Amino acid sequence: MTVDEAATTNRQSDDATSGLWLLRRGWFVLAGPLATAALVGVRSLSIPLAETTYQLEFPYLSFAVSLVPAWVAPVTLRPEALWGLKPAYLAVTVGLWTLAVLAVVIAAGLFWWGLDRDSSVLAPLSRLGWLVAYGLAAVVLTVFGSDLLVGSLPADWAGLEWGWTLLLALVAGRLFVAPVAIVRDGRRPLDAVRWSIRSLAGVRWTVRCTGLVLLLAFASRVVTAPFGALGGGLVGLALTVAVGTALVGSAHAYAMAFVYDLVAGNQTEGRES
Amino acid sequence: MDTGDGGLSRRSVLGGVAATLTAGAGCLGSGLSPASKPGDWPQRGYDAGHTNYKTAGSPPLDDASLAWQVGETAATVDTRNISEDIWHAGLVVGDGTVLTQRGTTIALDDGRVKRRTECLDEGGRPALVGVARTESYADGVLLSTALDRGPAADHDGPELYGLRPSIPQSPGGRCAASRRWTAGSPRDVRVTRAGAITDGTVLAASEGLAAIDADDGSVSWRAAGREVEAFCATGEHVFVQRQPLDAADALSILDRDGGERQTTLGTAVDDRLVAARDGMAYLRTATAAIARDLDRDREPTARLVAVDGAAGEIEWRTDLTEASGFGAAIREIGGVAVGPDSIFLTVQGDGGTTVCLALDVRDGSVQWSRRTSASPWVVATDEAVYLSGGDVACLDRSTGEVRWRWSPASANARGPLVIADRRLLVPGEYTLYALEEA
């Protein structure tokens with residue numbers, strides 16, 4: 001064992017005993033309740049929330065594709081619900097929704113930062129800031145963009161929803177490691193996007209990452225099922241969001257970090273050889 | 001009794017969060033929007049009591065002339081259903097716009113067609129419920145029942161939707177793009193009847209009677225119980241008639257704010273709840289019951305019953321076979337309009353004759369009666385009673401004397417009239433006419 005390896009082993013041991021290990025990886029446990037609070041706030045304002053609970057019925061497959069780890073949402077805010085709101089209601093609603101996005105995106109950033117054992121617990125604010133900008137744009141594109149596009153399709157074109165989901169999954173697959181690169185490499189969003197697209201080029205990576213995105217998107221939808229079983233009330237909402245976000249959010253963030261490590265490792269090896 | 005589970009009030013959340021999130025966002029919205037206008041006719045029968053009585057506005061009184069007409073509106077409702085059906089208004093007016101059940105929107109002022117949409121025309125069934133004022137939306141919501149009905153709808157009833165009033169105009173465009181909520185939000189519920197919109201709430205039959213928040217579609221309260229036949233609301237009470245109609249507790253009187261049951265009483269199997277005002281509910285003998293009696297060569301029963309909501313008992317009954325003078329020749333009780341001191345209704349007899357009656361709300365006694373050719377729909381104001389069906393007639397409110405008559409040039413007036421500010425809207429079979437003071 002080298003001196004560096006011994007030091008790393010000691011840090012891991014220290015982490016485990018001091019609780020830092022849990023702190024470094026448990027950010028989504030905190031993000032879930034924050035997202036719940038935002039949803040409850042929106043609901044208390046009497047702003048319509050649409051149910052997106054997974055239903056075990058044909059066609060059985062349902063995907064909540066996301067470019068960044070997101071909170072598990074058995075209910076969601078649709079853009080149609082925003083048009084026509086009085087300014088104060090609109091401001092508070094958008095503010096609460098943004099808070100929920102921030103909570104989960106920052107949790108993902110801190111999670112990725114915490115996987116690097118040489119780092120401190122908190123990531124540099126500038127990197128988190130760029131990640132937040134990327135995350136907000138991603139959520140607006142995937143959630144609101146999808147609703148607007150699908151909602152404006154003529155009724156006869158409703159089958160294109162599946163096409164849009166697949167296209168979104170392909171895009172999310174090629175951008176799979178971009179947010180991790182923002183935090184771990186300190187890249188700016190556009191640079192991170194270009195790097196991710198370059199790094200995940202090729203059929204093999206495309207298939208793997210798109211499949212991973214769809215798997216996570218399906219898991220994100222499936223874990224909403226307890227909301228219905230719990231009666232659809234406030235307790236069910238809180239439990240579903242908190243537990244689902246802790247599980248799927250962590251899994252999503254870990255999967256992104258795992259692929260990032262593979263890609264970054266390959267590139268390092270390539271340069272060294 | 002179910003209640004909403006949000007422990008926080010919307011105002012407390014607004015107040016608490018707004019301070020940190022919306023500095024400079026301006027004053028928080030307060031009160032319902034859009035503001036009421038004299039032109040409004042938000043639902044069947046005008047108000048949650050379906051009184052067909054409106055004090056605001058100045059419809060033609062001394063003589064009428066045609067202000068505008070719009071074809072291909074299909075604004076009418078099926079005449080066979082108008083006596084019993086509680087689903088729809090045929091047309092509603094909100095914020096200066098007339099909206100027909102087939103989705104044609106017309107400027108009230110000049111009759112300009114703003115837009116035609118197929119959104120509200122689902123399988124030829126009526127879909128339009130009305131327009132509701134809201135606290136959070138500046139333009140209120142348009143309530144509709146029959147969009148995008150799922151496979152379970154035929155069995156469990158359709159969903160009730162809150163739509164953005166500016167619904168899409170392109171034929172085939174998806175109404176879902178303008179849908180703000182589905183009743184029950186966030187967990188969808190089915191409704192079997194909807195109507196009675198009041199103070200930001202719409203009442204709907206859904207596993208009993210549910211009060212649905214017009215802002216977000218959530219269920220504010222639910223009075224569970226047997227299948228709901230009819231319902232309407234007044235200032236403090238909600239009257240609910242349930243199946244079976246001859247049960248000892250067929251008519252429930254609920255508190256309007258929370259849905260708690262205050263009292264119940266029995267009704268006759270043939271009596272149908274049609275209107276409510278000032279704490280009183282009014283039930284009318286069903287047309288089918290009159291026809292049944294006549295088929296069996298029995299003396300027909302036709303009456304109007306008044307129920308006192310506070311006392312929970314029948315206040316009076318008026319025999320309309322006698323009051324109308326038709327006796328055994330009576331065929332149908334038509335529309336009912338309930339004013340502050342008089343009730344106006346039409347009674348049809350053999351041979352297409354009609355009598356319009358004014359009854360005293362205190363005891364049901366006849367104030368005046370007038371034979372007329374127009375029938376069976378009736379609306380009233382503080383100054384006049386308007387009848388439609390074939391042609392249109394305006395009667396003096398105090399005496400019943402005919403002030404003017406008007407006939408469409410090429411078709412019959414076929415549907416309930418709507419008072420919209422200075423206009424009197426007359427649905428024809430496929431054309432909507434607007435009359436004004438000549």
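Tutor: Strand E20 of chain B, residues 280-285, is mostly covered, with 6 of its 6 residues buried. Buried here means that 20 or more other C-beta atoms lie within 10 Å of the residue's own; exposed means 12 or fewer, partly exposed lies in between, and the C-beta atoms are placed from the backbone. Strands (E, at least two residues) and helices (H or I, at least four) are DSSP runs, numbered from the N terminus. This is a predicted model, in which local features need pLDDT of at least 70 and side-chain atom pairs count only at pLDDT 80 or more, while totals for chains, interfaces and linings use all residues. Residues are numbered from 1 along each chain as its sequence is written, and chains are lettered from A and ligands numbered from 1 in the order in which they are written.

In a regular strand the side chains alternate between the two faces of the sheet. Both faces of E20(B) are covered: one side carries the buried residues Met280(B), Tyr282(B) and Arg284(B), and the other carries Ala281(B), Leu283(B) and Thr285(B), also buried.

Next, the neighbours. Two strands pair if DSSP finds at least two bridges between them. Strand E19 of chain B (residues 271-277) runs antiparallel to E20(B) and is joined to it by 6 bridges. Within that pairing, Thr285(B) of E20(B) stands opposite Asp271(B). The hairpin of E19(B) and E20(B) has 2 residues between the strands, and Asp278(B) takes a positive phi near 50° there. E20(B) is also joined by 5 bridges to strand E21 of chain B (residues 303-308), again in an antiparallel arrangement. Here Leu283(B), from the face with Ala281(B) and Thr285(B), has Val305(B) in E21(B) as its bridge partner.

As for the chain around the strand, chain B has 4 helices and 33 strands. Of its 438 residues, 56% count as buried. Two residues are in contact if their C-beta atoms, placed from the backbone, lie within 7 Å. Among contacts in chain B between residues at least 6 apart in sequence, 52% join residues at least 24 apart.

Chain A has 11 helices and 2 strands. Buried residues make up 44% of its 273 residues. Of the contacts in chain A with a separation of 6 or more, 79% are between residues 24 or more positions apart. One of its helices, H4(A), is mostly covered, with 22 of its 29 residues buried.
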